[in-house]
Amino acid sequence: MTSLSTLLNTTPHLWKGRQPGQGQRACPTGHAHLDAHLPGHGWPLGAVTELISAKPGLGEFRLLFQALADTGKQGQWVILVDPPWIPYPASLQGHGLLLERLLLVRTGDARESLWACEQALRNGRGGAVLAWPEQISFARLRRLQIAAENSAKLAFLFRPENAAREASPAALRLQLEAGERYGTLIHILKCRGSRPPQPVWIHAPLTRNINTALAGNPLFAITPGPGHPRPKQR
Amino acid sequence: MRQALQRLAAWCYQYSSQVCIPAGRHGLFLETGASERLLGPSEYIGKRLQQELMQLGYCSMTGSAPTPEAAWLAAREGLHIAGPEQIRRQIGPLALSRLHLESAQQKALERMGFRQVRDLLRLPRKALTRRFGPALPDYLDRVLGVRPDPRAMYQPPESFSSRLDLPAEVHTSQGLLFPLKRMLEELCGVLRGGDNAVQSVQITLGHEADDDSLLPLGLQSPAQDSDRMVTVLRERLERLRLPRAVRTIRLEAPTLLKFNAGQHSLFRDTPAEQKQDIEQLAERLQARLGRDSVSGLTGVEDHRPEHSWRPRALGERADCIAQPHRPAWLLLHPRRCMIRDYEILAGPERIESGWWDGRDCRRDYFIVRDRHGSTLWAYREYKPGRGWYLHGIFG
């Protein structure tokens with residue numbers, strides 16, 4: 001007979017006050033500092049993660065490299081639905097993504113894009129789907145989340161800044177902001193099972209000399225910053 | 001009728017490897033003794049056949065017996081004769097008109113006062129031969145199993161073709177879904193029987209006066225199950241505009257390929273199954289959005305970033321060098337910019353190339369940061385023009 005505490009510990013959706021939701025299956029982000037703050041210590045598996053940033057290029061895609069590389073290594077597919085730019089294969093290959101298991105979908109229409117996203121989430125089991133919807137309703141987000149849950153997929157939606165003010169059923173919502181010293185500040189707007197913790201500071205030192213980078217040193221390293229800046233006043 | 005029988009024979013190949021189309025009769029003979037262990041007694045096979053044929057739109061009667069001719073008689077009555085000794089007993093009470101005899105012989109026998117088959121069976125052989133010739137007693141012997149009754153077996157064809165004349169004109173493409181589903185089911189039955197698969201199917205819609213409309217269905221890999229084909233069909237039908245009402249539908253599968261079943265695991269998580277799932281997704285998306293909507297990526301040997309990649313078909317190998325210091329995203333077109341708006345973080349990386357196709361260039365690439373904090377990839381062009389451009393985003 002299982003004890004009550006074991007039952008409580010393993011029920012995935014039970015909110016238990018101060019502790020983050022245990023039992024949330026997650027895929028490690030590859031950034032230990034970020035993992036420490038996320039329920040399940042990683043990207044939520046079988047749920048939607050929203051990455052909100054005012055402008056592209058703040059590191060919102062770079063954060064996913066580890067998880068996407070792991071997905072490929074496990075024999076599963078990464079599907080990009082209507083990215084606004086051209087994915088550069090040499091770079092993706094360099095960061096460990098398996099090009100053999102990358103699918104690019106181009107629809108050219110916002111509605112068809114959402115449809116394709118849903119189809120991709122419903123298809124098979126496992127893998128990751130990434131989309132860049134300009135506008136998406138609460139109901140549609142909910143459907144995507146249910147589809148992701150049923151097929152145990154990682155779902156990442158990249159959204160513009162105004163999405164931060166909208167309500168969303170996504171399991172995890174991160175907002176990225178440029179910080180000092182070439183770093184990025186990640187606000188966790190919403191996560192399952194607990195009150196959102198303090199913003200996470202991701203420091204991204206760059207080498208001035210690109211030759212060093214070419215010699216094999218990782219160009220971007222995510223390390224805990226020297227000190228946490230104060231969270232932005234709302 | 002002949003064509004329909006041919007198709008049905010091919011379809012029945014799922015249930016029996018010995019199928020025969022008797023000349024001049026509207027029916028088929030199937031040998032089911034060998035399939036009894038797998039499919040159950042002949043009664044069950046008969047019922048199953050009737051049900052499945054009903055779903056395809058055919059009304060049928062089935063019966064079974066140890067000999068073909070006796071089975072023919074049994075089918076009319078829906079009998080299932082278990083053993084040779086019971087043939088006499090079970091077909092005895094049948095009316096004489098049921099026998100497969102020439103009409104002249106039938107009439108003669110009736111005039112003589114014979115009504116039931118058992119009356120005929122009781123007559124001595126010699127008398128029958130003298131009166132009607134050797135054919136009639138030979139037939140009776142074959143019915144009873146006294147004489148063997150070898151038949152020419154049907155050979156399944158190398159292609160499939162079926163045609164349906166619609167009972168009423170169909171004006172909407174959705175109205176075509178039901179008849180097409182049936183035809184695809186029939187095709188899949190034939191495929192299963194012959195252990196074949198198809199990768200493309202051609203549907204031709206006939207109108208009254210205009211030229212036929214063509215609707216090709218293509219799959220990513222050979223398939224045997226109708227669900228995949230119906231999924232693709234649904235998407236295509238949603239996009240189809242009918243110029244005129246449809247009167248006839250023709251379905252053709254000109255090449256039948258060998259089918260490889262492959263292992264199925266419970267959770268569908270082997271790489272081969274993942275690939276299958278992705279292929280089905282690609283089929284669905286391409287059916288609705290066009291062939292170019294789904295692709296993979298691969299590298300091209302070229303120093304110029306905009307030429308160093310191309311889309312690839314899913315079945316093709318992906319081959320690319322790894323360049324982690326390059327940005328994850330390239331802008332669709334390089335965009336002119338003013339370098340004073342940006343802070344240079346790293347660089348330059350000289351790229352000089354392309355003299356052989358007339359688009360040669362000389363560029364110095366820099367990693368830059370803009371005032372919003374985005375990390376971008378910009379270059380200074382020396383050839384062909386001069387200026388600063390944005391080319392990529394370090395997402």
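The largest nonpolar core of this predicted model has 87 residues. A:Val81, A:Val105, A:Val129 and A:Ala155 have the most contacts inside this core. Chain B takes part too: domain 2 (160–289) and domain 3 (321–393) of chain B each give the core at least three residues.

**Cores**
- In soluble globular proteins, nonpolar side chains tend to be buried together.
- Leaving aside neighbours within four places in sequence, A:Val105 touches residues of chain A, including A:Ile79, A:Leu80, A:Val81 and A:Asp82.
- Also in contact with A:Val105 are A:Ala116 and A:Ala120, together with B:Leu285, B:Ser293 and B:Val294 of chain B.

**Where the chains meet**
- The contact takes 48 residues from chain A and 52 residues from chain B.
- On the chain A side, β5 (86–87), α4 (89–94), β6 (102–105), α5 (110–122) and α7 (210–214) each give two or more residues.
- Which element of chain A gives the most to this side? It is α4(A), with six residues.
- By class, the chain A side has 26 nonpolar, 14 polar and eight charged residues.
- Strand pairing also crosses between the chains. β6(A) and β8 (residues 294–299) of chain B run antiparallel, joined by two bridges.

**Chain A as a whole**
- Chain A has seven helices and twelve strands.
- Of its 234 residues, 49% count as buried.
- Take the contacts in chain A with a separation of 6 or more: 63% of them join residues 24 or more positions apart.

**Strand β4 of chain B**
- β4 (residues 196–207) of chain B pairs antiparallel with β5 (residues 213–223) over seven bridges. A hairpin of five residues joins β4(B) to β5(B).
- In this pairing, B:Val198 stands opposite B:Ala223.
- β4(B) also pairs antiparallel with β6 (residues 246–253) of chain B, over six bridges. There, B:Gly206 has B:Thr248 as its bridge partner.
- Two bridges join β4(B) to β7 (residues 257–258) of chain B, again antiparallel. B:Asn196 stands opposite B:Lys258.

**Confidence**
- Chain A has a mean pLDDT of 79, and 75% of its residues reach 70 or more.
- Over residues 205–234 of chain A, the pLDDT is below 50. This stretch still has 44 contacts in the model beyond near neighbours in sequence.
- Where pLDDT is low, the predicted coordinates should not be read in detail.

Definitions and conventions:
Residues are numbered from 1 along each chain as its sequence is written. Chains are lettered from A and ligands numbered from 1 in the order in which they are written. This is a predicted model: local features need pLDDT of at least 70, side-chain atom pairs count only at pLDDT 80 or more; totals for chains, interfaces and linings use all residues. Two residues are in contact if their C-beta atoms, placed from the backbone, lie within 7 Å. Helices (H or I, at least four residues) and strands (E, at least two) are DSSP runs, numbered from the N terminus. Ala, Val, Leu, Ile, Met, Phe, Trp, Tyr, Cys and Pro count as nonpolar, Asp, Glu, Lys and Arg as charged, and the others, Gly among them, as polar. Two strands pair if DSSP finds at least two bridges between them. pLDDT is the predictor's confidence in each residue, from 0 to 100. A residue is buried if 20 or more other C-beta atoms lie within 10 Å of its own, exposed if 12 or fewer, and partly exposed in between; C-beta atoms are placed from the backbone. A nonpolar core is a set of buried Ala, Val, Leu, Ile, Met, Phe, Trp, Tyr and Cys residues joined through C-beta atoms within 7 Å. Domain bounds come from an automatic or database domain assignment.
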